[in-house]
Amino acid sequence: LPPGLSDHAEPTHRAAELLLVLDHPVQMTIEGTTKEVQVGDLVFIESEIAHRIDNNNQQRSTYLSIQF
């Protein structure tokens, strides 16, 4: 995720999702609550839950997202 961008505007989807931050921290908003997610953190997002990932850093952030 390039610096200063978001992945999307808090969508929901049927699948649950696991998100693993690989190289630089990101800010994750889940149902209106924003938290800093560090490298190595694993986040579980239930099905149909609004969420967004923001990169407010100076460096590109990479994460792995698995939907199931």
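L22 sits in the loop that links β1 (17-21) to β2. Strands here, like helices, are DSSP runs numbered from the N terminus (E, at least two residues, for strands; H or I, at least four, for helices). The model is a predicted one, so to speak of a local feature a pLDDT of at least 70 is needed, side-chain atom pairs count only at pLDDT 80 or more, and totals for chains, interfaces and linings use all residues. Residue numbers start from 1 along each chain as its sequence is written, and side-chain values use heavy atoms, with hydrogens and water left out.

Now for the overall layout. The chain has 0 helices and 6 strands, and reading along the sequence gives the pattern β-β-β-β-β-β. Its C-alpha atoms fill a box of roughly 30 × 20 × 15 Å along the principal axes. The radius of gyration is 11 Å, which agrees with the value near 11 Å for a compact globule of 68 residues; this radius is taken over C-alpha atoms, and the globule rule is 2.2 Å times the number of residues to the power 0.38. Of the 68 residues, 29% count as buried. Buried means under 20% relative accessible area, exposed means over 50%, and partly exposed lies in between (1.4 Å probe, protein chains only).

As background, strands of a sheet pair through backbone hydrogen bonds, either parallel or antiparallel. Two strands are called paired if DSSP finds at least two bridges between them. For β1 and β4, the antiparallel pairing runs over 4 bridges, and on the other pairing, β1 and β6 are also antiparallel, over 5 bridges.

E17 stands opposite I45 in β4 and opposite Q67 in β6, while L19 faces V43 in β4.

Strand β2 (residues 26-30) is joined to β5 by 4 bridges, and the two run antiparallel; Q27 stands opposite D54 in β5. On the β3 side, β2 pairs in the antiparallel sense over 5 bridges, with V26 having V37 as its bridge partner in β3. β2 and β3 also make a hairpin with 2 residues between them, and E31 in the turn has a positive phi of about 50°.

D54 turns up again in a charged contact. The structure holds 1 salt bridge, a term for a side-chain nitrogen of Lys or Arg within 4 Å of a carboxyl oxygen of Asp or Glu. The side chains of R52 and D54 meet in it, at 2.9 Å from N to O. In general, side chains of opposite charge can pair when their charged atoms come close. R52 counts as partly exposed because its relative accessible area is 22%, and D54 counts as buried because its relative accessibility is 10%.

Back to L22, and out to the surface. L22, F44, L64, I66 and F68 form a nonpolar patch there, with about 500 Å² of accessible area together. Patches are made of residues with over 30% relative accessible area and no salt bridge, with like charges joined within 9 Å and nonpolar side chains (Val, Leu, Ile, Met, Phe, Trp, Tyr) within 5 Å. Accessible areas come from the Shrake-Rupley method with a 1.4 Å probe, and for residues only the protein chains shown count as cover. L22 is classed as partly exposed because its relative accessibility is 44%. F68 lies in the segment after β6 (63-67) and counts as exposed, because its relative accessibility is 56%. F68 and L18 are 50 residues apart in sequence and 8.4 Å apart in space, C-alpha to C-alpha.
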